Amino acid sequence: MHKQTQGSMSVRVDYQQATKSGKFKDRITIEVGEDGKWKRYELCSLGEQTRTAIAIELGLGRLVRSRLSFNVFDEAFRGLDRLGLKHALEILSEEGRVRKILCIDHDPAVASFMDHTITVVRKNGVTRKVS
């Protein structure tokens with residue numbers, strides 16, 4: 001997240017929540033911080049949620065890198081402005097040096113960042129590869 005936003009935003013994930021009795025229950029909470037202020041993921045804009053999802057996906061991928069040689073991003077860039085998209089794709093390009101990145105998207109700007117592309121079209125109920 002830090003790289004995507006030039007250091008202006010951070011993400012934190014917690015997997016337990018304290019109950020009134022002082023015990024803990026399993027519950028994943030995600031918060032996004034900007035300028036020292038934190039807010040719940042659910043209250044973030046679509047662009048902030050997208051940046052957060054990309055950061056978490058890449059972070060988890062790094063944790064399990066020994067078992068996982070690729071990441072899949074299926075239309076993962078919705079809500080990003082062009083600058084945000086550029087930053088996200090630059091990060092994925094860097095990550096692509098250590099493992100395969102598969103992006104499924106309809107935006108030609110995403111394809112322009114990829115080393116290899118496959119174009120698939122659906123016509124008259126039939127899906128086929130065209131390039």
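# Salt bridges, helix packing and nonpolar core

Q: Which residue forms a salt bridge with Arg-40, and how far apart are the closest N and O atoms?
A: Arg-40 pairs with Glu-42, and the closest N and O atoms are 3.3 Å apart. A salt bridge here is a side-chain nitrogen of Lys or Arg within 4 Å of a carboxyl oxygen of Asp or Glu. This is a predicted model, in which local features need pLDDT of at least 70 and side-chain atom pairs count only at pLDDT 80 or more, while totals for chains, interfaces and linings use all residues. Residues are numbered from 1 along each chain as its sequence is written, and side-chain values use heavy atoms, with hydrogens and water left out.

Q: Is Glu-42 buried or exposed?
A: Glu-42 is exposed, at 53% relative accessible area, whereas Arg-40 is partly exposed at 47%. Buried means under 20%, exposed over 50%, and partly exposed in between, with a 1.4 Å probe and protein chains only.

Q: How many salt bridges are there in the whole structure?
A: The search finds 6. Among them, Glu-48 and Lys-39 are joined with their closest N and O atoms 3.2 Å apart. Glu-48 is buried at 12%, and Lys-39 is partly exposed at 33%.

Q: What about Asp-81, which side chain does that one meet in a salt bridge?
A: Asp-81 meets Arg-51, at 4.0 Å from N to O. Asp-81 lies in the loop between β4 (70-74) and α2, and Arg-51 in helix α1, so the pair ties together parts 30 residues apart in sequence. Helices (H or I, at least four residues) and strands (E, at least two) are DSSP runs, numbered from the N terminus. Arg-51 is buried at 14%, while Asp-81 is partly exposed at 45%.

Q: Changing topic: at what angle do α1 and α2 pack?
A: Helix α1 (residues 46-63) and helix α2 (residues 82-95) pack at about 10°, with axes 11 Å apart. The two are therefore roughly parallel, a label for angles under 35 degrees. Axes are lines fitted to C-alpha atoms over the stretch in contact, and angles run from 0 to 180 degrees between N-to-C directions.

Q: Which residues meet there?
A: From α1, Arg-51, Ile-54, Leu-58 and Arg-62 meet Gly-84, Ala-88, Ile-91, Leu-92 and Glu-95 of α2. Contact means heavy atoms within 4.5 Å. These residues divide into 5 nonpolar, 1 polar and 3 charged.

Q: And which residues touch the most other members of the largest nonpolar core?
A: Ile-54, Phe-73, Phe-77 and Leu-92 do, out of 13 residues. Helix α2 gives the most to this core, with 5 residues. Such a core is a set of buried Ala, Val, Leu, Ile, Met, Phe, Trp, Tyr and Cys residues joined through side-chain atoms within 4.5 Å.

Note on methods
Angles under 35 degrees count as roughly parallel, over 145 as roughly antiparallel, 65 to 115 as roughly perpendicular and the rest as oblique. Ala, Val, Leu, Ile, Met, Phe, Trp, Tyr, Cys and Pro count as nonpolar, Asp, Glu, Lys and Arg as charged, and the others, Gly among them, as polar.
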